[in-house]
Amino acid sequence: MDITPLGNQRHAENSKQIEFDQKLKDLFFCLTDAVFIIDFRPRRIIAANPYAEQMLGYESGELNGQLTQILYPDQHVYEQIGKAGADIISQHRGDHFNLMVKKKNDEPLMVDAYILPLFDAELQTNRGIVIFQLNRDLQANDLRSRYQVMTQNARDIILFVDIKSGRIIDANRTAVNTYGYDYRELLKLNVDQIGKNGDAGIRINRKKYTSAVIHEAIHCRKDGSTFPVEVSFQDASAPDEKILICIIRDITSRLQAENARQVSEERYRLLFNSMMDGFALHEMVRDEMGKPLDYRFIEVNLAYYALHNL
């Protein structure tokens, strides 16, 4: 039996496979997306390209050989990907969906995931290519969603402001209740429109506010009434969305209390200095054992000066 042709055929097939593997390797390392080669049956990472390692914060080669569970934040996502891998093997087709993965430091990351079967020379597969592309729109929405959860029940007014346009792009319930606009009306406003004479106390420029900046201002409700506020704002930008988060506190009660204290002090001062009797307030000076040694004057009224010819 002549097996030479069969041997030549296998040699040609092996050459094509080697050529294919080399092209795949070149593509694997050149792509600027995160690319993983996955063995679907044990669900293990065979290799991850440098961009994948960089995106997720791993050292070179650190992901190789790891179970794919290391990429996902919870069991639900892990099972979802496992099912997609099983479907790819049985149906020889790719799949695509949005999902959340996690970095080495457990920070979540929204990506577009593409899963494609990887065939051998005999068109068999239990391996595949998984590609992660950063989904910046989903990242921005996810960032804002996390802020919304934190801010909706806050007592202070919280506004999200687009740094480029100054437009209000989100607001919490306290903002809606305080300004008197409904939610949709509020999102049509430029932030300066809520300030008296166009000054909301929020300075929007190209500077990145890495720490909170605080100003006082007068804000206007929809009905035209005004109220004093303390405004603090800080940069909270997402990758493709420049956002300023503004925390606004109604300081009406604080100013009223300060004014009331000032009025009380003025009345006390008037009464104190109008008394016909001399009055002096002293503070005792004591030794280390607490024994009185002397006293010092803290305050005296005008009558006291007159009585003592001071």
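Reader: Which two strands form a hairpin with Gly166 in the turn?

Author: That hairpin is made by β6 and β7, with 5 residues between them, and Gly166 in its turn has a positive phi of about 80°. This is a predicted model, and in it 3 bridges join the antiparallel strands β6 and β7. Across that pairing, Phe160 stands opposite Asp170 in β7.

Reader: Is β6 enclosed or open to the outside, and how many of its residues are buried?

Author: Strand β6, residues 157–162, is largely enclosed by the rest of the structure, because 6 of its 6 residues are buried. Both of its faces are covered, with Ile157, Leu159 and Val161 buried on one side, and Ile158, Phe160 and Asp162 buried on the other.

Reader: Which strand pairs with β6 over 6 bridges?

Author: That is β10, residues 243–250, which pairs with β6 in the antiparallel sense. Within that pairing, Leu159 has Cys246 of β10 as its bridge partner.

Reader: Going back to Asp170, is it buried or exposed?

Author: Asp170, in strand β7 (residues 168–171), counts as buried because its relative accessibility is 2%, under the 20% cut-off. Its side chain makes a polar contact with the side chain of Tyr183, at 2.7 Å.

Reader: What about His219, where does it sit and what does its side chain make a polar contact with?

Author: His219 lies in strand β8, and its side chain makes a polar contact with that of Tyr179, at 2.8 Å. At 0% relative accessibility, His219 counts as buried. Once its neighbours within four places in sequence are left aside, the residues in contact with His219 include Ile194, Gly195, Lys196, Phe227 and Ile248, as well as Tyr179.

Reader: Switching to the open sheet, what is its strand order?

Author: The open sheet has 5 strands in the order β2-β1-β5-β4-β3, with antiparallel pairing. The edges are taken by β2 (44–48) and β3, each with a single partner strand, so one side of each has no neighbour in the sheet. From one strand to the next, the twist averages 35°.

Reader: How many bridges hold β4 and β5 together?

Author: There are 8 bridges between β4 and strand β5 (residues 127–134), and the two strands pair in the antiparallel sense. One of the residue pairs here joins Pro117 to its bridge partner in β5, Gly128. Helix α3 packs on the sheet, where it touches β3 and β4, and its direction makes about 150° with that of β3.

Reader: Which residues of α3 are buried, and what do they pack against?

Author: The buried residues of α3 are Val77, Tyr78, Ile81, Gly82, Ala84, Gly85, Asp87, Ile88 and Ile89, and they pack against β3 (95–102) and β4 (108–118). As background to such a pattern, an α-helix has 3.6 residues a turn, so residues three or four places apart point the same way.

Reader: What span should α3 have, at 1.5 Å a residue?

Author: The 17 residues of α3 (residues 75–91) should span 24 Å, and the end C-alpha atoms are 24 Å apart, which agrees with that expectation. Just after the helix, His92 takes a positive phi of about 50°.

Reader: Are Asp106 and Asn197 buried or exposed?

Author: Asp106 is exposed, with a relative accessible area of 52%, and Asn197 also counts as exposed, at 77% relative accessibility.

Reader: Last topic, how many aromatic pairs are there?

Author: The count comes to 4 aromatic pairs. In the pair of Tyr295 and Phe297, the ring centres are 5.9 Å apart and the planes stand at 70°, so this pair is edge-to-face. Tyr295 counts as partly exposed at 44% relative accessibility, and Phe297 counts as partly exposed at 45%. Together with Tyr304, Tyr295 and Phe297 form one aromatic cluster.

Notes
Residues numbered from 1 in each chain as written. Heavy atoms only, no water. Helix = DSSP H or I, 4+ residues; strand = E, 2+ residues; numbered from the N terminus. Buried < 20%, exposed > 50% of the residue type's maximum accessible area, 1.4 Å probe, protein only. Polar contact = N/O pair within 3.5 Å; in protein donor to acceptor, adjacent residues only side chain to side chain. Expected span 1.5 Å × (residues − 1). Contact = heavy atoms within 4.5 Å. Pairing = 2+ DSSP bridges. Axes fitted to C-alpha atoms, helices over the stretch in contact; angles between N-to-C directions. Phe/Tyr/Trp six-rings, centres within 6.5 Å; stacked < 30°, edge-to-face > 60°.
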